[in-house]
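Here is a short briefing on one protein model. Keep the structure open as you read, and find each part as it comes up.

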Amino acid sequence: MAEASKQDLIMGVDLGGTKILAGVFTPQLKLLQSAKLSTKADRGFAAVVERIARCVSDAVDEADATLKQVKAIGIGAPGAVDPESGEVIFAPNLKWEKAPLKAELEKRLGIPVFVENDCNVCTLGVHEVELKGKPKHMLGLFLGTGIGGGLIVNGQLYGGFNRTAGEIGHMVLEVNGPKCGCGNQGCFEALASRTSIFRDIAKKIKDGGKSVLPDMLQQGQQIADLKSGDLRKAIRRGDKVVERVIEDAAEYTGIAIANLVNILSPEVVVLGGGVMDALEDEMLSIVVETARDYAMPGTMKNVEIVGSKLGDHAGITGAAVLARQNGKF
Ligand SMILES: [Zn+2]
């Protein structure tokens with residue numbers, strides 16, 4: 001691609017528990033090329049760093065560019081991140097503790113690297129690219145395997161005292177609710193994430209609920225191995241078990257948003273993540289209605305609740321925004 005032949009470039013990397021996605025961007029945040037690689041987290045930290053570097057090189061090569069043109073790399077990593085040191089403090093689905101991601105990757109690539117929590121990064125991407133940086137106060141909410149969020153306050157990503165703000169998935173919505181991965185009970189994530197949705201559907205089917213999902217399984221697959229898109233197909237085929245669980249998840253999402261709107265008064269709430277991308281038509285209107293029901297009178301005035309259009313690209317886009325904000329050009 002001639003466009004990438006000589007100019008400065010930035011890169012955004014979305015590091016997930018199962019896959020790594022790397023995108024090559026112009027400094028104006030136009031995506032030129034991307035590459036994907038499995039994470040293979042079970043091979044350990046050093047091997048994953050190696051794979052990130054390989055994915056970065058692959059994307060650069062796809063763009064007919066060289067690593068020398070890349071001026072900064074942003075990375076969204078799952079879990080608790082110290083953006084100052086670039087250390088991943090704790091990432092349960094990678095089994096990392098105190099992992100010096102910035103230092104190791106800079107050593108390997110010789111390019112400045114900036115690390116942030118993945119949901120903060122997605123929020124940055126939505127704010128800067130999708131909403132053109134316009135809303136002063138915005139909330140990003142991502143429903144996937146887990147639930148995470150990010151806050152934009154006064155136009156900036158808000159980290160708070162410990163730089164851990166935005167852990168929206170662990171807001172307790174049911175004091176005696178199901179157990180959460182964090183050790184608590186009744187967190188939003190334990191009620192409306194992909195994991196909890198499949199847990200509830202599997203239980204209803206086990207208890208005799210009639211669903212089309214068992215017929216959709218390939219040999220050796222379990223209900224939890226299906227994708228969010230399969231849930232949409234099931235609902236469209238009239239599956240009441242799936243519909244009910246998705247309605248409940250949408251209601252909990254609405255209640256979570258009502259709480260957050262009461263506290264933060266954002267101008268826009270943007271919803272993304274695999275569950276929301278696949279089931280927006282089924283969930284969004286229930287989310288909006290429930291949020292309006294539960295929020296304090298007056299607090300929802302002119303507040304928009306919308307689905308993100310960035311889909312799978314939210315992570316790499318936001319990571320490129322992070323690189324642009326921190327890199328020197
Ligand atoms: Zn929790």
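**A pocket and its lining**

- Helix α3 gives the largest share of the lining of the second largest pocket, four residues. The model is a predicted one.
- A pocket here is an open set of points on a 1 Å grid over the protein atoms alone, where a 1.4 Å probe fits, with protein on both sides within 12 Å along at least five of seven lines. Lining residues have an atom within 4 Å of a point.
- The second largest pocket holds about 340 Å³ of space. A volume is the space filled by probe spheres set on the points, which are joined across faces, edges and corners.
- Of its 19 lining residues, E116, R163, L322, Q325 and N326 are the closest to the centre of the second largest pocket.
- Two or more lining residues come from each of β8 (113-117), α3, β11 and α10.
- Helices (H or I, at least four residues) and strands (E, at least two) are DSSP runs, numbered from the N terminus.

**How to read the numbers**

- Residues are numbered from 1 along each chain as its sequence is written, and side-chain values use heavy atoms, with hydrogens and water left out.
- In this predicted model, local features need pLDDT of at least 70 and side-chain atom pairs count only at pLDDT 80 or more, while totals for chains, interfaces and linings use all residues.

**An open sheet**

- Five strands form an open sheet with mixed pairing, in the order β11-β10-β9-β12-β13. Two strands pair if DSSP finds at least two bridges between them.
- β11 (156-157) and β13 (304-307) are the edge strands, and each pairs on one side only.
- Strands β9 (residues 138-143) and β12 (residues 268-272) run parallel, joined by five bridges. L141 has L271 in β12 as its bridge partner.
- Helix α9 (residues 274-294) lies across β9, β12 and β13, and runs at about 160° to β13. Such angles run from 0 to 180 degrees between N-to-C directions, and axes are lines fitted to C-alpha atoms, for helices over the stretch in contact. Contact means heavy atoms within 4.5 Å.

**A buried strand**

- How many residues of strand β4 (residues 70-77) are buried? Seven of the eight are, so β4 is largely enclosed by the rest of the structure.
- Buried means under 20% relative accessible area, exposed means over 50%, and partly exposed is in between (1.4 Å probe, protein chains only).
- β4 pairs with strand β1 (residues 9-15) in the parallel sense over six bridges. V70 in β4 is the bridge partner of L9.
- β4 also pairs with β8 in the parallel sense, over five bridges. There, I73 stands opposite V113 in β8.

**Salt bridges**

- The whole structure has twelve salt bridges. Each is a side-chain nitrogen of Lys or Arg within 4 Å of a carboxyl oxygen of Asp or Glu.
- E128 and R324 form one, with the closest N and O atoms 3.7 Å apart. It links distant parts of the chain, 196 residues apart: E128 is in helix α3 (residues 118-130) and R324 in helix α10 (residues 314-326). E128 is partly exposed at 25%, and R324 is partly exposed at 31%.
- K203 and D207 form another, with the closest N and O atoms 2.9 Å apart. K203 is exposed at 51%, and D207 is exposed at 56%.
- D230 pairs with K233 in a salt bridge at 3.6 Å between the closest N and O atoms. Both lie in helix α7 (residues 228-236), three residues apart, about one turn of the helix. Is D230 buried or exposed? D230 counts as buried at 14%, while K233 is partly exposed at 46%.
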